[in-house]
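This report covers a pocket, aromatic pairs and salt bridges. The structure is shown first, and the text follows.

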Amino acid sequence: MSNHQLVKSAQIWFLAAILMCGAWAIAGKADDINSHDQNSNQNSNSNSNANTSRSQNRNANRSNRNSSATGEQAGMANLSSGDRDFLMDAAMGGLMEVELGRVAAQQGASEAVKQFGQRMVDDHSKANQELMTLATSKGITLPTTLDDKHREHVTKLSAMTGADFDRAYSKMMLSDHNKDVSEFEKESSKGADADLRAFASKTLPTLKEHQQMAKTLPGNVGRGSSNSNNSNSDRRSNKNSNGNSNSNSNRP
């Protein structure tokens with residue numbers, strides 16, 4: 001083979017080698033592109049699945065909240081207006097009795113007020129828990145904190161000290177328990193819901209005991225009998241007035 005032919009053959013092999021390298025490079029780049037596309041698709045699918053999962057969780061949470069609210073509304077709707085008012089008033093009143101009781105037990109001036117305050121904490125905490133359990137069984141959520149009106153009472157009394165606190169607290173406790181006894185008597189006899197009637201009947205003796213205890217607190221001694229005497233005096237005055245009026249009208 002001549003030198004010219006050898007050179008030409010070498011050039012052909014060199015060109016073939018270049019073409020082979022180019023083909024390998026193109027094939028490798030194509031694999032990288034395909035791999036990148038697959039990774040992108042996988043990431044896209046993963047993100048899509050994650051978004052779907054989050055969306056489903058949000059919808060589930062919304063559904064649970066709506067179901068809870070709907071259940072609570074349904075529970076309240078099953079009660080008469082009188083039973084609903086009693087339930088909410090008893091719950092809020094019970095919370096205030098506990099908070100005021102703690103204040104009285106800590107800063108009451110007399111031992112009687114301190115002991116009465118602790119008794120309020122013990123008895124009303126128990127009653128509050130029983131009422132909460134009853135309401136929960138009916139799908140109703142009761143308040144666990146005081147509203148602005150009742151919070152104002154607690155704040156006002158908490159700012160007092162000494163004998164001034166004792167008198168104000170004693171007066172409020174007598175007034176509150178007079179009202180409580182009246183409302184629980186009404187619910188125990190006229191309530192439409194059997195469970196609330198039973199709760200009122202069970203709690204009433206304790207409230208009456210609190211009422212009698214409140215009458216003996218500082219500043220309240222004689223307050224109940226005084227009111228009773230004034231009422232009887234007014235009734236006697238009315239009777240005498242009516243009698244005199246009838247007597248005068250019968251005269252010629």
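Which residues does Asp180 touch, not counting residues up to four places away in sequence?

## Basis

This is a predicted model, in which local features need pLDDT of at least 70, side-chain atom pairs count only at pLDDT 80 or more, and totals for chains, interfaces and linings use all residues. Residues are numbered from 1 along each chain as its sequence is written, and side-chain values use heavy atoms, with hydrogens and water left out.

## Asp180

Asp180 touches Glu97 and Leu207, with residues up to four places away in sequence not counted; contact means heavy atoms within 4.5 Å. Asp180 sits in helix α5, residues 162-190. Helices here are DSSP runs of H or I with at least four residues, numbered from the N terminus.

Asp180 is buried but takes part in no salt bridge. Buried means under 20% relative accessible area, exposed over 50%, and partly exposed in between, with a 1.4 Å probe and protein chains only. A salt bridge requires a side-chain nitrogen of Lys or Arg within 4 Å of a carboxyl oxygen of Asp or Glu. The nearest side chain of opposite charge to Asp180 is Lys179, 6.3 Å away; Lys and Arg count as positive and Asp and Glu as negative, while His and the chain ends are not counted.

## Largest pocket

Asp180 is also among the residues nearest the centre of the largest pocket, together with Asp89, Gly93, His150 and Lys179. The lining has 24 residues in total, and the volume is about 450 Å³. A pocket is an open set of points on a 1 Å grid over the protein atoms alone, where a 1.4 Å probe fits, with protein on both sides within 12 Å along at least five of seven lines; lining residues have an atom within 4 Å of a point. Grid points are joined across faces, edges and corners, and the volume is the space filled by probe spheres set on the points.

Helices α2 (81-107), α3, α4 (148-158), α5 and α6 each supply at least two lining residues. The most come from α2, with 8 residues.

## Aromatic pairs

There are 4 aromatic pairs, counted when ring centres of Phe, Tyr or Trp (its six-membered ring) lie within 6.5 Å; planes under 30 degrees apart are stacked, over 60 edge-to-face, and the rest tilted. Phe116 and Tyr169 pair edge-to-face, at 6.1 Å centre to centre and 70° between the planes. Phe116 belongs to helix α3 (residues 111-137) and Tyr169 to helix α5, so the pair ties together parts 53 residues apart in sequence. Both Phe116 and Tyr169 are buried.

The ring planes of Phe184 and Phe199 stand at 50° with centres 6.1 Å apart, so this pair is tilted. Phe184 is in helix α5 and Phe199 in helix α6 (residues 194-215), so parts 15 residues apart in sequence are tied together.

## Salt bridges

The structure holds 8 salt bridges. One of them joins the side chains of Glu99 and Arg151 at 2.9 Å, N to O. Glu99 lies in helix α2 and Arg151 in helix α4, so the pair ties together parts 52 residues apart in sequence. Glu99 is partly exposed at 25% relative accessible area, and Arg151 is partly exposed at 33%.

Lys202 and Glu130 meet at 3.3 Å, N to O. Lys202 is exposed at 56% relative accessibility, whereas Glu130 is partly exposed at 24%. Arg119, Asp123 and Glu209 are linked in a network of salt bridges.
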